Amino acid sequence: MKAIVVTDEAAGTAGMRLVERPEPDAERLAGLEGASYGDVVVEVHASGFTGNELEWPSTWVDRLGRDRTPSIPGHELAGVVTALGYGTTGLSVGQRVFGLTDWTRDGTLAEYTVVEARNLAPLPGDIDFTVGAGVTMAGLTAWQGLFEHGRLGAGQSVLVHGAAGVVGSMAAQLARQAGAHVIGTGRASGRTAALDFGAHEFVDLENDALEDVGGVDLVFDVLGGDIGRRSAGLVRAGGMLVTVTGPPEARPAEGLAVDFVVVSDRAQLGEIAQRVREGRLRTNIGRVASLDDAVAALNPAERVTGKTVIRVRP
Ligand SMILES: NC(=O)c1ccc[n+]([C@@H]2O[C@H](COP(=O)([O-])OP(=O)(O)OC[C@H]3O[C@@H](n4cnc5c(N)ncnc54)[C@H](OP(=O)(O)O)[C@@H]3O)[C@@H](O)[C@H]2O)c1
């Protein structure tokens with residue numbers, strides 16, 4: 001099968017290569033030989049890659065810290081199940097699915113991938129594969145950040161950093177639907193998109209004073225650094241700073257700070273799919289490219305806003 005691999009951590013996305021790799025061995029998967037309990041083979045139709053994936057240790061080593069190169073990056077997918085491993089429940093061959101694959105295993109920039117069935121959810125027939133792959137990571141990250149970790153409720157206020165970006169635009173939509181007051185942030189160029197995605201107000205981080213926001217119940221941070229640090233001071237007593245950028249460098253004086261890494265969740269994917277079908281959730285897809293063009297698309301000469309989705313099958 002065709003797949004994108006990386007072998008050189010220092011090279012970053014420039015080190016991506018399109019090569020031939022062995023297809024997953026469905027027969028072996030169905031038996032008890034490999035440690036493949038609960039895995040399924042998925043024919044990948046659309047794949048997503050997160051910008052800084054190649055900086056994560058899990059791209060280079062397995063769970064025991066062993067070198068796992070050449071590794072196939074990309075962990076978001078929409079596709080069709082082609083084989084079931086031993087012990088798989090809840091899915092059938094031919095079923096359309098979407099979800100996130102394990103960070104420490106080969107991913108989805110390939111014609112086929114192997115993934116634990118529990119990390120996949122059915123993808124309804126009226127949702128395009130490109131949309132399915134484009135909504136997975138951002139949808140789950142926003143959902144978990146706002147509701148699971150941030151415990152956001154109706155009537156509360158939330159500051160969503162990077163609200164015109166891939167994750168932030170999803171958070172702005174979900175938070176607004178939950179009845180929260182949404183203050184989006186970003187660069188001046190992101191104002192219209194952030195308001196369009198559901199922010200009630202917008203703070204231009206390059207020209208406005210972040211501190212003028214006053215107090216909020218929740219900060220959803222995708223930027224970190226100085227902005228993350230300063231945001232801790234905006235959290236009201238009993239509120240929370242939730243970040244996806246690593247351990248917080250500052251904590252709210254009378255609130256909590258939580259950092260997390262998104263996990264796949266079948267029930268949440270189901271909720272997300274339902275909202276996409278109802279037209280309540282829009283993806284933020286900037287570019288779609290084929291697998292043959294993926295290396296170039298993931299190494300753009302100019303910054304692409306929105307998610308780049310690799311359409312593995314037309
Ligand atoms: N922990 C997890 O589980 C998890 C899951 C998903 C994503 N992430 C991380 O979340 C981060 C965001 O991902 P994403 O896909 O949403 O990225 P993205 O689409 O680039 O979104 C970031 C947004 O913030 C804006 N921005 C960036 N730097 C800014 C600054 N200094 N001042 C004002 N605005 C700024 C960007 O504007 P421009 O486009 O103009 O730069 C963009 O609109 C990444 O670091 C990613 O790795 C973590």
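**Close-up views of the ligand shell and a parallel sheet**

**View 1. Helices in the shell around the ligand.** Helix 2 (129–149) and helix 3 (166–177) each supply at least two residues of the shell around the ligand. Helices are DSSP runs of H or I with at least four residues, strands are runs of E with at least two, and both are numbered from the N terminus. Helix 3 gives the largest share, three residues. The model is predicted: local features need pLDDT of at least 70, side-chain atom pairs count only at pLDDT 80 or more, and totals for chains, interfaces and linings use all residues. Residue numbers start from 1 along each chain as its sequence is written.

**View 2. Residues around the ligand.** Among the 23 residues around the ligand, Gly162, Gly165, Val166, Val167 and Val244 come nearest. A residue is near a molecule if its C-beta atom, placed from the backbone, lies within 6 Å of it. Domain 1 (2–123 + 284–311) and domain 2 (138–259) each contribute at least three residues to the shell; the domain bounds come from an automatic or database domain assignment.

View 3. Six strands, in the order 10-9-8-11-12-13, form an open sheet with parallel pairing. Two strands pair if DSSP finds at least two bridges between them. At the edges, strand 10 (201–204) and strand 13 (256–259) each pair on one side only.

**View 4. Strands 9 and 10.** Strand 9 (residues 181–186) runs parallel to strand 10, and four bridges join them. Thr185 has Val203 in strand 10 as its bridge partner.
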